[in-house]
Amino acid sequence: GTSCTTVQVYSLETYCKYVLPAEWYSCWGSLSNGMNSLQAGAVAIRSYGLWYVYNPLSSLYDICDNSSCQVFGSSQSTNANNAVDATARYILITSSSNVARAEYSAENNNKGCGDGWTGTGTSWPCILDMVCQGRTPNGHGRGVCQWGTVRWANGTRVLTTAPCSQGVSHGLGTLTWQQILSHYYPSYTLLQGSTATIQSATPNPATVAQGSTFIIQYSVNTTEAMLLILAASIAPRGTTTYTSDPAHDLKVSLFGG
C-alpha cells in the first residue's frame with residue numbers, strides 16, 4: 001500500500017509464509033502430490049515480492065500489497081509454511097539474470113490463446129495447458145495458472161466448486177514443482193540464492209564522543225561462502241543527519257555458516 005502509517009519488517013521467507021495461504025488454497029497441499037502446487041506458488045511469490053524490493057513503488061515503499069499484487073494475509077498455515085521452507089531461497093530469474101516479476105493469476109485458460117492454452121498471445125506466450133481445458137478464465141492470463149498448478153501436481157481436474165477434493169484424472173500425468181515452474185515460465189530460470197543475515201551489530205564503545213573513534217562488531221550468518229561489504233552511517237544523537245564513510249567500508253570474504 002501507499003498510505004501506510006506504520007512499517008513492519010520481515011524476512012523474505014516469513015513474508016512468503018503470510019502471502020502464500022492468502023493467494024493459494026492451503027488445502028491443496030493435503031491432496032496427493034499437492035504440495036508441489038504450493039511449492040511452485042512459494043517460488044512465484046518470493047520472486048514477485050523480491051522484484052518489488054529491487055523496483056520499489058517509491059523511495060518510501062517496496063512490496064506492493066493489495067489485491068492487484070500480492071495479498072499479505074493475517075495468518076499462516078502448516079502446508080504453506082512447509083512449502084516455503086522446502087523451497088527456501090529459490091527464485092526465478094530472467095534471461096538477463098534479474099529477479100523475475102513472476103506473475104500469476106487464478107485461471108489462465110482461454111485468455112487469448114484458445115481453449116486448452118494458457119497465456120495471452122501478446123503479453124505472455126501461448127502454452128499448451130490441457131489440464132485446464134474448458135475452464136472459465138479468471139485473471140490476466142500471464143505466468144502461472146494457479147488452478148493449473150494443483151491439477152498438474154495432483155493429476156486430476158480439481159474443480160473450483162470443490163477446491164480441496166481430488167477431481168477426475170486428466171490422464172496427463174503429474175509434474176513436480178520445478179516442472180510446473182518450467183511449464184508456466186518457459187523463459188525464466190530457477191535459481192537458489194544465497195543470503196547473509198546480520199545477527200548483531202554492536203558499537204564498541206557504546207557511547208562515542210564527537211571526534212573519537214569506535215569499532216562496530218558484526219555477527220553474520222551466511223548460507224554460502226560469499227564476499228560481503230560491511231558499512232555504516234552514523235548521526236549525532238537526536239538528529240537524522242547521517243554521515244557515511246565509503247572509503248572505510250569493509251569488504252570481507254566469509255565462509256558459509
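Visitor: What covers the buried residues of H4?

Guide: Buried means under 20% relative accessible area, exposed over 50%, and partly exposed in between, with a 1.4 Å probe and protein chains only. Helices (H or I, at least four residues) and strands (E, at least two) are DSSP runs numbered from the N terminus. Here the cover of H4 includes H1, H2, strand E2 (104-105), E5 and H5. Nine of the nine residues of H4 are buried, so this helix is largely enclosed by the rest of the structure. Among them are Trp147, Arg151 and Trp152. After H4 comes Gly155, with a positive phi near 85°.

Visitor: What should I know about the model and its numbering?

Guide: This is a predicted model, where local features need pLDDT of at least 70, side-chain atom pairs count only at pLDDT 80 or more, and totals for chains, interfaces and linings use all residues. Residues are numbered from 1 along each chain as its sequence is written, and side-chain values use heavy atoms, leaving out hydrogens and water.

Visitor: Which residues touch the most other members of the largest nonpolar core?

Guide: A nonpolar core is a set of buried Ala, Val, Leu, Ile, Met, Phe, Trp, Tyr and Cys residues joined through side-chain atoms within 4.5 Å. In this core of 39 residues, they are Leu20, Trp24, Ile45, Leu92 and Tyr185. Helix H2 (35-54) is among the elements giving two or more residues, and its six residues are the largest share.

Visitor: Is Cys126 buried, exposed or partly exposed?

Guide: Cys126 is partly exposed, with a relative accessible area of 39%. Cys126 lies in the loop between strand E3 (117-118) and strand E4 (127-128).

How values were computed. Contact means heavy atoms within 4.5 Å.
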